[in-house]
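Keep the model in view while reading.

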Amino acid sequence: MNMRYLAFLAIILIAGATFAQTKLKKTQISKEVSVLLPQDFMPMPDDGIARKYPATTRPLAVYTSPNGQIDFSVTQRPSQFKAGDLNMLREFYKANLLERFTKVDFIREDVTNVKGNDFLVFEFVSTLADERGASNLAPVQKYSIIQYTIKNDQLYIFTLHVPFSQKNSWQPTAREMMNSITIK
């Protein structure tokens, strides 16, 4: 009977520690943008952003988990489109995702309202295989949520990437984070 009690206590402590790891805090990305992020996420240094996100439009901010495996980024750039154009833009952005990865399994793709703003949301599992022929590298799988919105002639792209092996444990937290985005 004592062993059962100790096992039950251990399970509660482990569950409590797991829950504590995903405690979220409000993070101000810019004057206009805030989001709830895990307390232990840190801003990625500029050289890390340059290495990991070598795009023509540098992200506004990138936050990463302590082990560097999970990233949350925000990109902002001018747009000629309006928020009402998100449904029309869905196929364009979907095609972009399908081209970027070897395989994409969509969990969700819709326009949803978050804190008063419409967002085009893609939640998916992607596979990126090295198709150079002579490579023995295993394909890389990630669980991701990407949200697009347009406000004040600016396109905002919010991206969260998690290793596929952590999808089940991170999915509720990922959704909570993405549903906390506020744009003034």
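## Salt bridges

A salt bridge here is a side-chain nitrogen of Lys or Arg within 4 Å of a carboxyl oxygen of Asp or Glu. The model is a predicted one. It holds 8 salt bridges.

Asp71 and Lys52 form one of them, with N to O at 2.8 Å. Asp71 sits in strand β5 and Lys52 in helix α2, so the pair ties together parts that are 19 residues apart in sequence. Asp71 is buried, at 4% relative accessibility. Lys52 is partly exposed, with a relative accessible area of 42%.

Helix α2 takes part in another pair. Arg58 and Asp46 meet through their side chains at 2.4 Å, N to O. Arg58 lies in the loop between α2 (46–52) and β4, while Asp46 is in helix α2, so this bridge ties together parts that are 12 residues apart in sequence. Arg58 is partly exposed at 42% relative accessible area. Asp46 is exposed at 53%.

Asp105 and Lys103 make a further bridge, at 3.6 Å from N to O. Asp105 counts as partly exposed, at 38% relative accessibility. Lys103 is partly exposed too, at 47%. Elsewhere, salt bridges link Arg108, Glu123 and Arg175 in a network.

## Nonpolar cores

The largest nonpolar core has 27 residues. Which of them touch the most other members? They are Ile29, Phe72, Phe158, Leu160 and Met177. Several elements each supply at least two residues of this core: strands β2 (33–38), β4 (61–64), β5 (71–78), β7 (117–128), β8 (140–151) and β9 (154–163), plus helix α4 (167–178).

Leaving out residues up to four places away in sequence, Met177 touches Leu24, Val35, Leu36, Leu37, Pro38, Phe41, Phe72, Leu160 and Trp170. Two of these partners, Phe72 and Leu160, are themselves among the core members named above. A second core is separate and has 14 residues, including Leu120, Phe122, Tyr148 and Ile150.

Most residues other than glycine have a negative phi. Lys115 is in the loop between β6 (103–114) and β7. Is Lys115 buried or exposed? Lys115 is exposed, with a relative accessible area of 52%.

Asn152 also has a positive phi, near 50°, and is not a glycine. Asn152 is placed in the loop between β8 and β9. At 61% relative accessibility, Asn152 counts as exposed.

## The largest pocket

The largest pocket has a volume of about 760 Å³. Its lining comprises 28 residues. Tyr53, Ser73, Arg100, Thr159 and His161 are the closest to the pocket centre. Strands β5, β7, β8 and β9 and helix α3 (86–100) each give two or more residues to the lining.

What classes make up this lining? There are 13 nonpolar, 10 polar and 5 charged residues.

Technical notes
Residues are numbered from 1 along each chain as its sequence is written. This is a predicted model: local features need pLDDT of at least 70, side-chain atom pairs count only at pLDDT 80 or more; totals for chains, interfaces and linings use all residues. Side-chain values use heavy atoms; hydrogens and water are left out. A nonpolar core is a set of buried Ala, Val, Leu, Ile, Met, Phe, Trp, Tyr and Cys residues joined through side-chain atoms within 4.5 Å. Buried means under 20% relative accessible area, exposed over 50%, partly exposed in between (1.4 Å probe, protein chains only). Helices (H or I, at least four residues) and strands (E, at least two) are DSSP runs, numbered from the N terminus. Contact means heavy atoms within 4.5 Å. On a 1 Å grid over the protein atoms alone, a cavity is a set of points where a 1.4 Å probe fits but cannot get out, and a pocket is an open set with protein on both sides within 12 Å along at least five of seven lines; lining residues have an atom within 4 Å of a point. Grid points are joined across faces, edges and corners, and a volume is the space filled by probe spheres set on the points. Ala, Val, Leu, Ile, Met, Phe, Trp, Tyr, Cys and Pro count as nonpolar, Asp, Glu, Lys and Arg as charged, and the others, Gly among them, as polar.
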